[in-house]
2 protein chains.
Amino acid sequence: MDSNKSDRRRFLKQAAALAGVAAGAGLVTAKGQPTQDKHVHVEPPRRGARYSIDHLTHYTPLQDYAGIITPSRVHFVQQHSSEFPEIDADEHRLTIHGMVDRPLSFSMDDLKRLPSVSRVHFLECQGNSSSLIHTARAEPNMGLPVQYIWGMTSCSEWTGVPLSVLLKEAGVKKEGSWLVYEGADPGKFSHTLPMGKAMDDVFVAYAQNGDPVRVEQGYPIRMIVPGWEGPFSVKYLRHIKVVDQPYHAWNEAMNHSVTRADVGDKARWYHFQWATKSVITRPSAGMELRRGYVQITGLAWSGAGKIAKVDVSTDGGKTWREARIDGAVHSKAHTRFNFDWEWNGQETVIMSRSTDETGDVQPSREALYRNWGIKDLEHPARTTHFNAIQPWKIARDGTISDVMFAA
Amino acid sequence: MDSNKSDRRRFLKQAAALAGVAAGAGLVTAKGQPTQDKHVHVEPPRRGARYSIDHLTHYTPLQDYAGIITPSRVHFVQQHSSEFPEIDADEHRLTIHGMVDRPLSFSMDDLKRLPSVSRVHFLECQGNSSSLIHTARAEPNMGLPVQYIWGMTSCSEWTGVPLSVLLKEAGVKKEGSWLVYEGADPGKFSHTLPMGKAMDDVFVAYAQNGDPVRVEQGYPIRMIVPGWEGPFSVKYLRHIKVVDQPYHAWNEAMNHSVTRADVGDKARWYHFQWATKSVITRPSAGMELRRGYVQITGLAWSGAGKIAKVDVSTDGGKTWREARIDGAVHSKAHTRFNFDWEWNGQETVIMSRSTDETGDVQPSREALYRNWGIKDLEHPARTTHFNAIQPWKIARDGTISDVMFAA
């Protein structure tokens, strides 16, 4: 497999005079200026205010930024309560109780005095990049744009205190093998976590990209469960109870469960770690191409660790070449890849395929469903944990559409 | 040398009941709440507006955030013109001329079509962490707080097009061995760069932490010269000329030169790469300690590559132990270190010492001056390229002061 570490001398075909590089090559977005020229404006939520469902759900515009750090104000939101709670950080406390030697209650000042870690991690809604929960956003003739298929994942540098430090302060009794924990939002969002993960790399974050955690992200503190699906990372964290069995919290057993027709519609309750995923963010559905040089760029990640490599195909999957990854790769974090391509004006399909450090390779949709034993493509199981390759179809007129969910 | 990878079980001395962890341990800032609780408000500059020198100079509050990404709005500013220029990105062009086969002029759209890189790098004013240019900010009884000694460095994820790509498009003639380049600010800030560095890792950035480069940071484009002193990274970049010798631009030959008394006050014109540096950001001058557990945290970096390790001394330099570094380390970037400490209430001095991947070790001030052949400690040479260890003195009452520049 050839690498895409191109050493060719020139990317623009025209030797432009000082009057300007001829605009004959490359990518233009469908709607005027490249979005890097514009700040993406999202009003900061006001605490305590009530919001419509549109405000409580926000998709990250993955196509509009470069690098790996999602600007905090456009981090995705999937708020399960009807409002963002108004929490006074001076009064807020985190309690640890249940099967512990010393029940504890931490003020925010207490937490900030303890050992801290700062780590770059993605978070991701368990329904991200599936079709069924996002089809309301589909537009005619292009299928779904990347923001509304893939935009329920974001990546930040989070800072906080390791959960293991807090649990050791409290002293977990021998029989304590699970946690159940709850947020201070009106819906008391709750989740279960096995002790092994809790003692590994989980932390209670009070900062996001150098600032306090934003209100819609869980101010003043959020549980960060690296690499695992989003609902584990409970916002507005308030209570942690050490228990000796998994609790079937509503968000696990009901709202986020996957039923299996083959066992009488019983639910598979627990989902944990994200498999490896990747997506080309530009060019993607809704944009337009012109012939000539095109930089293909996208993001790859894995709940199991670091991304090892990303391959790109520009011929519908017949051949693959390795994309460039610049700089240090963070574990369980978005990883930026870039790939140089010359579009010849012919119809084709482009796609990316990630491999993580454990050797896990992103599957095609067909392979994924085969692995899952799913024959009915409309089965709702595909709405969670979906990590299949995303193909983008480029027509001869340069328009780009999603061919996975367009049908 | 012992590592500080403490495995001890508890950090808080008191087993607190649910009524609250006793506030007997750790760090409190001098002025009320930990600053993580407050967003640091800096008004965004308005383009074209005139500002006093106070607005044109901004020190990053290193003590107020965790992690390595400086929130963009508190990135340091050392503006050399009397205003932030009002640039229309739709009209702005970058020209490359001089000793090239094809003089070129790039629109911002042209630049964004070309191959891009996204990298985490520090920038740093060449006068950072010295005393002479910052003493106006000194406060009685504490010497200088870390923000006003060390706050002329910041770290961002920058995205842009490699300068090597642009130069190859233009075709550098055989005799072209240096660049001289200029910004579109009223003062036409200019600088010189040798071709070897230009073809290595320099890039023309249009994005900072996922957003467009901020106005005070050079919107719409800034040259990023990783690891080298700040003035190389010219803002509002407009012209690049390929030449066959270094140009003695005012900012090199006059404003930023260092005179040497030993050779008749001639200037050493060129300074390039930053040596390795580190500083404890918390606790630091102006804060107050209480007895018990204290997390020591700080930043380390090097212009030569990655940080290999950071050692911390809590006894004035007699003994050193290795600090924790979490996650992936970026090259030529701020690197966060943390260190667990128990303060016994006695007077002492704490300090950090970095080592980079080339083996370079941060020196004491005495060693640095000895290396530089400087006997007169008031000699202005110490105002640039200063990278000595920063000691913080802790008094018995818990007050902390700078002992390097307090005298």
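## Worked exercises on a predicted model

D201(A) is buried in this predicted model, because 20 other C-beta atoms lie within 10 Å.

**Exercise 1.** Determine where D201(A) is found in chain A, and how far apart D201(A) and G227(A) are in sequence and in space.

*Solution.* First, locate the residue: D201(A) belongs to the loop that lies between α5 (195–198) and β10 (203–208) of chain A. Next, apply the cut-off, under which a residue with 20 or more other C-beta atoms within 10 Å is buried; the count for D201(A) is 20, so the residue is buried. Finally, compare the two separations: D201(A) and G227(A) are 26 residues apart in sequence, and their C-alpha atoms are 9.7 Å apart in space.

**Exercise 2.** Identify the buried residues of helix α4 (residues 163–170) of chain B, and work out how they are arranged about its axis.

*Solution.* Begin with the list, which consists of L163(B), L166(B), L167(B), E169(B) and A170(B). Looking down the axis of α4(B), one finds these buried residues within an arc of 155°, so they line one face of the helix. As background, an α-helix has 3.6 residues a turn, so residues three or four places apart point the same way. The packing partners of the buried residues of α4(B) can then be read off, and they include β7 (153–162) and β10 (203–208) of chain B. Just after α4(B) comes G171(B), with a positive phi of about 80°.

**Exercise 3.** Which residues touch the most other members of the largest nonpolar core?

*Solution.* That core has 89 residues, and those with the most touching members are I296(A), W392(A) and W392(B). Leaving aside residues up to four places away in sequence, W392(B) touches, among others, I280(B), V349(B), M351(B) and I400(B). A second, separate core has 50 residues, including F84(A), M108(A), Y181(A) and A207(A).

Conventions: Residues are numbered from 1 along each chain as its sequence is written. Chains are lettered from A and ligands numbered from 1 in the order in which they are written. This is a predicted model: local features need pLDDT of at least 70, side-chain atom pairs count only at pLDDT 80 or more; totals for chains, interfaces and linings use all residues. Helices (H or I, at least four residues) and strands (E, at least two) are DSSP runs, numbered from the N terminus. A residue is buried if 20 or more other C-beta atoms lie within 10 Å of its own, exposed if 12 or fewer, and partly exposed in between; C-beta atoms are placed from the backbone. A nonpolar core is a set of buried Ala, Val, Leu, Ile, Met, Phe, Trp, Tyr and Cys residues joined through C-beta atoms within 7 Å. Two residues are in contact if their C-beta atoms, placed from the backbone, lie within 7 Å. The arc is that of the directions from the helix axis to the C-beta atoms.
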